[in-house]
Amino acid sequence: MDKKGGTAIPSSPSQTPRSVEKSARDIRHVEGNMSGKHDKEKGVNVQVVVRCRPLNADEEKLHTPVVVTCAENKREVCAVQNIANKQIDRSFVFDKVFGPKSQQRDLYHSAVSPMVFEVLEGYNCTIFAYGQTGTRKTYTMEGGRKKNGEFPSDAGVIPRAVRQIFDILEAQNAEYNMKVTFLELYNEEITDLLAPEEASKFPEDKSKKPIALMEDGKGGVHIRGLEEEIVSTADEIYRILEKGPAKNFT
């Protein structure tokens, strides 16, 4: 199967050009590695999407200058730096760019929705958010919570993807089995966010194999020992998403 991955890089409008340049350079280095000959043979496709957040209240109060601008149509992020009264502009081009006024809905339909269709066609897809603390990665990925049972207008990538998957399956009258796992990788330690409380209290229990990161023999990665929950509706997954973070570190 082909693999297609997407990287969302939330960016701060007050982030210095030097740090923006480094982030872009680092990501391009990763992208270059991922699109090498070996990965091309596997059909790996990595896309880099940048989203710049607006100034927050504290930044506006301090009159923090905006040094990062977005040209969405050109897929370009521009960083401005003043050195010795000389303005230096640097521009970086990505696969997709979303500016400070971008809406959750627009980002999802443009960058994520096509990947959901590919998942249901049997492809392996991964989306992860990369960026400094405070760039609103969590907002992009999770967004607002449901209120009074209504789907929030500012819902993020994860709840929108869940809803889309079930909408497609129901429209097709498809028969399916779905299992959910939920984990956190922090300081190179894997935490099962769905593990019963008893399991976390007695980690020395030998009756269950320890969590381990392993290759699945098909060129992919498998994490052994994770708790799985069978789900049949989007609401069941939403409840899992609310339950899991209570155990995480970040």
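Is the crossing of H4 and H6 left-handed or right-handed? The crossing of H4 and H6 is right-handed, where right-handed means the near helix is turned clockwise from the far one by less than a right angle, and left-handed anticlockwise. This is a predicted model, in which local features need pLDDT of at least 70 and side-chain atom pairs count only at pLDDT 80 or more, while totals for chains, interfaces and linings use all residues. Residues are numbered from 1 along each chain as its sequence is written, and side-chain values use heavy atoms, without hydrogens and water.

**H4 and H6**

- The axes of helix H4 (residues 104-120) and H6 cross at roughly 50° and come within 10 Å (axes are lines fitted to C-alpha atoms over the stretch in contact; angles run from 0 to 180 degrees between N-to-C directions).
- That angle makes H4 oblique to H6 (under 35 degrees is roughly parallel, over 145 roughly antiparallel, 65 to 115 roughly perpendicular, the rest oblique).
- H4 residues including Leu107, Tyr108, Val112 and Phe117 meet H6 residues including Ala161, Ile165 and Ile168 (contact means heavy atoms within 4.5 Å).
- This contact comprises 11 nonpolar, 3 polar and 2 charged residues (Ala, Val, Leu, Ile, Met, Phe, Trp, Tyr, Cys and Pro count as nonpolar, Asp, Glu, Lys and Arg as charged, the others, Gly among them, as polar).

**H6 and H8**

- Helix H6 (residues 157-171) packs against helix H8 (residues 234-243) at about 160°, with axes 9 Å apart.
- H6 and H8 are therefore roughly antiparallel, and their crossing is right-handed.
- From H6, Ile158, Pro159, Val162, Arg163 and Phe166 meet Ala234, Ile237, Tyr238 and Leu241 of H8.
- The residues of the H6 contact with H8 divide into 8 nonpolar, no polar and 1 charged.

Methods
Helices (H or I, at least four residues) and strands (E, at least two) are DSSP runs, numbered from the N terminus.
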